[in-house]
Amino acid sequence: MFNKNLIKGKHITYKKINYANFANGLNTDIDEYILPINRSVKTYNFNFSNGALVTGLGIEVLKLPVSYFLTYTRDIIFPEEYQIKATWVFRYTSPTNTYSRSDVMVLLNHDGHLYIMRLYETGCQLSKISNKPFSDIPTILNYKLNGNYALLISSVDGFFYWCPDVNQSFVEVTDAPNINSICLHNERAFATVGVKKEEVWFSKELDPTNWKTSLKDGGFISFVDDRGQCNKVVSFLDRVYVFRDYGINRIMGYGNQTEFDVSELYVSSGQIHTKTICVCGDRILMLTDNGLYCFDGTSTTKLNIYINELLTKATNKNAVATYFNGKYYLACFVPFNDGKRVGSEDAPSSSRANNALIELDINTNSINILRGVEITDLKVISDNLVSKLVVCILDKGTYKLGELTNSGTVFGVPTAKLWQSPLSNFGYPEKIKFIKDVYITSKHPVTVTIRNEKGSMKVTKTPMNNLIRISPKISGKLLAIDFESNLAENYISNPTIILGV
């Protein structure tokens, strides 16, 4: 219900207000009634980094070159029986011909079996390499074992290695512990284990397949304090760091296992989410129950990205992250709490885990949010031919493989885009204000919602000569303007209002 009739005889002062520089971004950590109008209380699927609302993040079919020498690409599309949950890249050369490259993509099918596909060739031929299905997403590392290129595969189902020039199938290491996280450091493999979760195991020097416990072979280190389970090991800055439920320990190793030194670095009051721990150049980023944190090898600081309030309201045990081109990508659940179902959020609630991808520039702390995608895995392909972020998503019960883009679409379907402004009194808390006109620079149709403390009105306009004018004549003590689009391409800039006071 809007009061469109102004009281006759009242003196009205008109003010021209540049409503928003969108580059100021999103802020959910501060109460909206004290936010300036150039911030947003909710935004997704727009890119706003340059000050305008433009086409945002998207996901499209993965494209890879057909050879090492041609720029032509082919679409990576598989028959229905292949639904890819996770991917890795394995690069190796033949021991008899060092000029023979065999770069392959390793793919985990939804049935738990592993397949390989050559990165650079015509077609999408798959070859099965696993003898038995994996019950979870394994950890896979590239290694050179006894002079041969090898994959090290660790999972709750066991520890395996595969040398494609020696073994046609996996070889299981039966004396290895039940490994759920592994890293290589100073010629040893370090691992957290699934049974004795208070221990970190290490292999024999120069042999990550030897996990026997002796002074000449491998061993383990026990952590018996109150920081919780050991969940992940990371080789970083010439040290091994152990990420636990509620803290971080450092292991300094010098080859001889009797010379290991263990120290405590960080205690967290909120649980650290294991799959979000990611080396990003000279720092490690991680999501905790208290928000997003940065670890530099010595100290830990909370990142001020202005959406920690949102992140702390969700359970993010399924969150995953990676680092690509100077940005930290976090797939997680964001509770938008607006009653809308965007994209994958239409799926039954029991199957929804992650619903958003947050792109964080680690140098500026600016973010973009892709809402409406349930991402299960993020991996990077980067060489002199390709630089891509490969994405696996779960869409209405089906796993799909794609690549991150700036298309504003998910497999050709435009995303629903929103920039929601705070309700503002424009510096006149006791006075009735009204919006006489709204001017927007735009190249495409835009849906604009004008709100006051009692209700809202929505209008969709097509620009004339890149200009949209709306004359809502809406009054109230608190006013806000929101911008929406269901188009793939967008350009919205320089919104200006004529405000009557």
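Leaving out neighbours within four places in sequence, V448 is in contact (heavy atoms within 4.5 Å) with I440, M457, K458, V459, I470, I481, D482 and F483. This is a predicted model, so to speak a calculated one: local features need pLDDT of at least 70, side-chain atom pairs count only at pLDDT 80 or more, and totals for chains, interfaces and linings use all residues. Residues are numbered from 1 along each chain as its sequence is written, and side-chain values use heavy atoms, with hydrogens and water left out.

V448 also turns up in the largest nonpolar core, where V448, I481 and F483 have the most contacts out of 29 residues. A nonpolar core here is a set of buried Ala, Val, Leu, Ile, Met, Phe, Trp, Tyr and Cys residues joined through side-chain atoms within 4.5 Å. Buried means under 20% relative accessible area, exposed means over 50%, and partly exposed is what falls in between (1.4 Å probe, protein chains only). Two or more residues of this core come from each of β40 (433-442), β41 (446-452), β43 (467-470), β45 (479-485) and β46 (491-500). The largest share, 4 residues, is down to β45. Apart from this core lies another one, with 28 residues, among them C294, Y328, I362 and L418. In soluble globular proteins, nonpolar side chains tend to be buried together.

Stepping back to the whole chain, there are 1 helix and 46 strands. Both kinds of element are DSSP runs numbered from the N terminus (helices are H or I, at least four residues; strands are E, at least two). The C-alpha atoms fill a box of roughly 95 × 55 × 40 Å along the principal axes. Of the 501 residues, 54% count as buried. Among contacts between residues at least 6 apart in sequence, 57% join residues at least 24 apart.

V240 and H185 are 55 residues apart along the chain, yet their C-alpha atoms are separated by 7.1 Å. Neighbours within four places aside, V240 is in contact with C183, H185, F190, V233, V234, N249, R250 and I251.

Then there are the loops. D238, in the loop between β22 (230-236) and β23 (239-244), has a phi near 65 degrees, a positive value in a residue other than glycine. D238 counts as exposed, at 52% relative accessibility. N337 is no glycine either, and has a positive phi of about 55 degrees. Its place is in the loop between β31 (327-332) and β32 (356-361), and N337 is exposed, with a relative accessible area of 64%.

Finally, the second largest pocket is lined by 18 residues, of which G343, S344, G372, V410 and V413 lie nearest its centre. A pocket is an open set of points on a 1 Å grid over the protein atoms alone, where a 1.4 Å probe fits, with protein on both sides within 12 Å along at least five of seven lines; lining residues have an atom within 4 Å of a point. Two or more lining residues come from each of β35 (387-395) and β38 (413-414). By class, the lining has 8 nonpolar, 5 polar and 5 charged residues.

How values were computed: Ala, Val, Leu, Ile, Met, Phe, Trp, Tyr, Cys and Pro count as nonpolar, Asp, Glu, Lys and Arg as charged, and the others, Gly among them, as polar.
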